Amino acid sequence: MSIWTQRHVTVVVSGGIASYKALILIRSLMKQGAVVRVAMTAHAAEFVTPLTFQTLTQQPVVLDEFTTTDPTHVVHVELADWTDVMVLVPATANLIAKVANGIADDAATTTILATTAPKFVVPAMNSHMYANPATQRNLQQLTADGLHVLTPATGMLAEGYVGQGRLPEPDVILAWLTDQLIQQSADLPLAHRHVVVTAGGTREALDPVRYISNRSSGKMGYALAQVAREMGADVTLISATTNLTAPVGVTVVPVSSAAELLAAVTDVFATTDILIMAAAVSDYRPVDSASQKIKKPADHADLNLQLTETPDILKVLAVRKQNQYMIGFAAETQDLLVNANRKLTSKKLDLLVANDVSQPGVGFNGDTNQVTLLRPNQEPVTTALATKTAIARIVLETAIADGANKQA
Ligand code: C5P
């Protein structure tokens, strides 16, 4: 199930070199479960044939209003009424100008004018056309009329020079559209809930260039942030250094050390509904972090590091807990249940997600995980080995089943 499942999406394609990219976006929308129909301008049909769109969508393409052979149907109104979501991609300066002025002189613009569905506009054009005051004025008019406009990308244009006006890549458009839909869906299970996720392994500095850390990739935390967002939550992702790209629509707070992570979580704790501590927080840090790079001693003597414990963030917050639903993680290499149960109690958690990281495919770095979910006074539940996204969904569904989204 995605937010696109069974949604009726009308893609209006206007004529530009980027028209072919609409095909890629349509394929992605269909993969997400959307039912897509296409309306094209005559210029668009010069770039990509209607047959291509028809074959891809397995739906008739609306091109010319007056060529219908069925006298019982007003094609553009039928399509307009069928539409749940309308996407104008690529939207040329000409199409934007027409829509801003309510002009309906072909099937595509008539359908746009006739639909009451939310409309999303993805402009693509030459940079001078984009910068032209008339285009800017028209775009402002679209926004004032309640349409949603994506800012075009800057890069190499078909004309052979760099400028702003490129169609963003289809995956960027899809992420933007998805996030817009989430924002507009008040019935999602985590709508109006603030979910805070910590992710990645903290780094405890030895000197300006060296640190102590662990093998956490941050993938589990990022998957949780993404799924929480898909479930409608306002998500703050407090992220230690990772190689990952943050999900669209999520507020990222970058941190490095355990102390920074504690400060960042403390900052948002009062407004948090669900806290998910997926970060692998260092348990120890060097007592002193040298201000200059530590040199090798001339006599090659051993170097002794003195470490001191970091604050246990969950324990610190347990004392301040009001209605927050708190989820912790436990990566274990032995006695999983005994150790995990101890953490559930000592950290006063509502849910502990335990994994045996000595098992293949489980835990750090990989894309899969297998976890046991522990809750106070409930039988543990062990999941199958699954993608981290699937595990994230199970974790959040378990929290929701516990009423985590209802606690005021
Ligand atoms: O005790 P252990 O480090 O195994 O517990 C793991 C859980 O506790 C994780 O949810 C982790 O984010 C959290 N933790 C913490 N503060 C620390 C260390 C771990 O909140 N200093």
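Predicted model: local features only at pLDDT ≥ 70, side-chain atom pairs only at ≥ 80, totals over all residues.
Biologist: Welcome! Which peptide bond is cis, and in which strand is proline 90?

Modeller: Most peptide bonds are trans. Here, the bond from valine 89 to proline 90 has an omega near -10°, and it is cis. As for its setting, proline 90 belongs to residues 85-91, which form strand β3.

Biologist: Is glutamine 6 buried or exposed?

Modeller: Glutamine 6 sits in the segment before β1 (8-13), and its phi is positive, near 65°, although the residue is not glycine. A residue counts as exposed when its relative accessible area is over 50%. Glutamine 6 has 55% relative accessibility, so the answer is exposed.

Biologist: And what is the relative accessible area of asparagine 377?

Modeller: Look in the loop between β19 (372-374) and β20 (381-382), where asparagine 377 is found. This residue also has a positive phi without being glycine, near 60°. Asparagine 377 is exposed, and its relative accessible area is 83%.

Biologist: Why is helix α6 described as largely enclosed by the rest of the structure?

Modeller: Buried means under 20% relative accessible area. In α6, that applies to Ala107, Ala108, Thr109, Thr110, Thr111 and Ile112. They pack against β1, β2 (35-40), α4 (75-82), β3, α5 (93-100) and β4 (119-123). Helix α6 is largely enclosed because its buried residues number six of the eight.

Biologist: Which backbone nitrogen does a side-chain oxygen of aspartate 106 reach?

Modeller: Go to the start of α6 to find this one.

How values were computed. Residues numbered from 1 in each chain as written. Heavy atoms only, no water. Helix = DSSP H or I, 4+ residues; strand = E, 2+ residues; numbered from the N terminus. Buried < 20%, exposed > 50% of the residue type's maximum accessible area, 1.4 Å probe, protein only. Contact = heavy atoms within 4.5 Å. Polar contact = N/O pair within 3.5 Å; in protein donor to acceptor, adjacent residues only side chain to side chain.
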